[in-house]
Amino acid sequence: MNIMTAEQLSKSYGEKILFQDASFGMGEYDKIGVVGVNGTGKSTFLRVLAGLEQADSGKVTINRGVRISFLAQNPEFDPDTTVLRGVFQNGGPEHQLVSQYMEAVEELDLLPTDESLQTRVSRLSQEMDRLDAWGLENEAKSVLTRLGIADFSRKMGMLSGGQRKRVALASALILPSELLIMDEPTNHIDNDSVAWLESYLQKRRGALLIITHDRYFLDRVCNVMLELDHGRLFRYEANYSRFLELKSEREEREAASEQKRQNLLRSELAWIRRGAQARSTKQKARIERFEKLQGMKPEYKNESLDISVASTRLGRKIVEIEGIRKSAGDRLLIDGLTYTAVPGDRVGIVGPNGYGKSTLLNMIAGRVQPEEGEVVLGQTVKLGYFTQEHQEMDPNQRAIEYIKDAAEVVETADGSRITAAQMLERFLFPPASQWTPISKLSGGEKRRLYLLRILMEAPNVLLLDEPTNDLDIQTLTVLESYLDEFPGAVFIVSHDRYFLDRTVDKLMVFEGNGVVAIHAGDYSDYEERMNAAGSAVKDGAGSSAGSAERAKGSSGNGTGTGNASGSTKDPERAEKLKFSYKEQREYETIDADVEAAEQRLTDITEQMAHAASDAMRLQELMAEQQQAEAELERLMERWTYLSELAERIEAQKNG
């Protein structure tokens, strides 16, 4: 059943067409991802569908009784309200009631003898009973905690932009609705919170309409993709992976259609140039046909970004971090971190929000000083720092002026030279928009412009702080390709699991209390190891319990069956069990062999931690680690078999 229908929607800003004649229907269980290059109007499109902005033409029809919960990209809050009240301030009747009740209780705490306040609290309490709204507060606290917000009494005006976004996300999630519309919900939340949100939305009943750059998220949550491309809307009944295949097929068809049109146009042009006289009806028809072909708009061609800007030469000494320590108030962020970067380093930096990831980048950039230790940069290092906030951008400056401040002409990786204007075109800023003031660009367009500015300065060490926030997928794909060829070192703070998997081969994991652990591999490798470690702990507990149970069953207390193997056969009739000579020798040494294999694995892990800055040695140790793990697994399987056989032999003797 359709819950919403959009018909012939069009929206423009000046000469820029965001979308034109866009139509689609949405079912009650559709989970739709919206994609497109920054500046194509994705956020405006969601606002029109949510009824928060008017289209130039067309209409949106929403079924009666369908409630909409909307998460804006940049939510606004009363700065004087508390976090918990902020969750409820923009909701429905129940949420408004909870907010009013909290406000009244806060006032009563200040004026406990005020009878009018006492009466008001009593009346609101009765309303809370009537609407069964008491559970909403607990639900709000639970969601806020999962999103990394623990101080519920803090004023909204004291929060960072990212923290306010998480409060708004909690508000959108707990508001009962048949349609949840979300604009970039994964921005400003850490990896664990993204994974939790992904799981939450997978299980959530009802329709979902979402903009996000997180490709794993789109792949796992969405079953329909909407693409805004040069003002046109395309619908694909697919998740993100299948969408890429279908989009490629569509572009191939459009390219073939345009090629046919061009061939026909050349043929007609040749005929016209031969001096055709417009005397017969047939000749007139051919001339009209030529004019029609000439006036046709070509099928849109997808531009691709090219950011193959050359980098500055880098010496042997790059970044040396020596025993640094840093605190924030009474919280210890980093304690004793030592790391030496090597050419080609790709280091991902992950951990919960507020643990000091951006602080580390600021210390490498020299913007923050450690309390102990030091960060030393090589003499040839030229930093490019892509921060979360593009504070350096003058909103009154025009896009081309901002780029020219970095360089009028740049040399690309292949040795060619291009102008700032040409580079802007490669970054999807056509000539008409290059003189647009920065203040009039969308958030994503500003981020793309900011990225171009940094790369045009030809850095050889890149610091990227949440580069995936507000950048479209197309730009991220090309940035990933750029990093493939970038010869210098890269440090990346990101919560985007796909981006980390695509770009890094090493992780610095902020674990809290100043601990920063270094792990070889990408994010999925790290996640797999953590999950395996968690499973091993559980399995170990289960094995201990199982061993105790077996000991209890064979202790002769009269409760066992006398058959440790669990067989129902009569032991006297069972075939006599015994070790072979080889098994007997193996059984006598298996415990020591397992212990030695475990120690070998521990030694390799310790060596990897010490060799984190030596790429070649780290590769050798990773290969040794795989062999050691395989050997330990083989020995454990053999230990299990021999131990069970020994128990059965003993049970047969006692029987």
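Q: What makes the side chains of Glu227 and Arg250 a polar contact?
A: The side chain of Glu227 reaches that of Arg250 at 3.0 Å. A polar contact is a pair of N or O atoms within 3.5 Å; within protein, one must be able to donate a hydrogen and the other to accept it, and residues adjacent in sequence count only if both atoms are side-chain atoms. The value of 3.0 Å is within 3.5 Å, so the term applies.

Q: What kind of model is this, and how are its residues numbered?
A: This is a predicted model, in which local features need pLDDT of at least 70 and side-chain atom pairs count only at pLDDT 80 or more, while totals for chains, interfaces and linings use all residues. Residues are numbered from 1 along each chain as its sequence is written, and side-chain values use heavy atoms, with hydrogens and water left out.

Q: Why is the pair Glu227 and Arg250 also called a salt bridge?
A: A salt bridge is a side-chain nitrogen of Lys or Arg within 4 Å of a carboxyl oxygen of Asp or Glu. The closest N and O atoms of Glu227 and Arg250 are 3.0 Å apart, so the pair meets the limit. Helices (H or I, at least four residues) and strands (E, at least two) are DSSP runs, numbered from the N terminus. Glu227 and Arg250 also belong to a network of salt bridges with Asp229, Lys247 and Glu251.

Q: Why is Glu227 called buried?
A: Buried means under 20% relative accessible area, exposed over 50%, and partly exposed in between (1.4 Å probe, protein chains only). Glu227 has 5%, which is under 20%, so Glu227 counts as buried. Arg250 is buried too.

Q: How do you know which residues Glu227 is in contact with?
A: Contact means heavy atoms within 4.5 Å. Leaving aside neighbours within four places in sequence, the residues in contact with Glu227 include Val35, Phe234, Tyr236 and Lys247.

Q: Is Arg220 buried or partly exposed, and what of Glu198?
A: Arg220 has a relative accessible area of 43% and is therefore partly exposed, whereas Glu198, at 8%, counts as buried. Their side chains meet in a salt bridge, 3.4 Å from N to O. Arg220 is in helix 8 (residues 215–221) and Glu198 in helix 7, 22 residues apart.

Q: What makes Asn187 buried, and which side chain does it meet?
A: Asn187 has 1% relative accessibility and so counts as buried. Asn187 sits in the loop between strand 6 (179–183) and helix 7 (191–203). The side chain of Asn187 makes a polar contact with that of His213 at 3.5 Å. Asn187 also touches, among others, Lys165, Thr468 and His495. Its C-alpha atom is 9.9 Å from that of Ser494, 307 residues away along the chain.

Q: Why is helix 1 called largely enclosed?
A: Helix 1 (residues 42–49) has eight residues, of which six are buried, so the rest of the structure largely encloses it. Among the buried ones are Phe45, Leu46 and Val48. Gly51 follows helix 1 and has a positive phi, near 80°.
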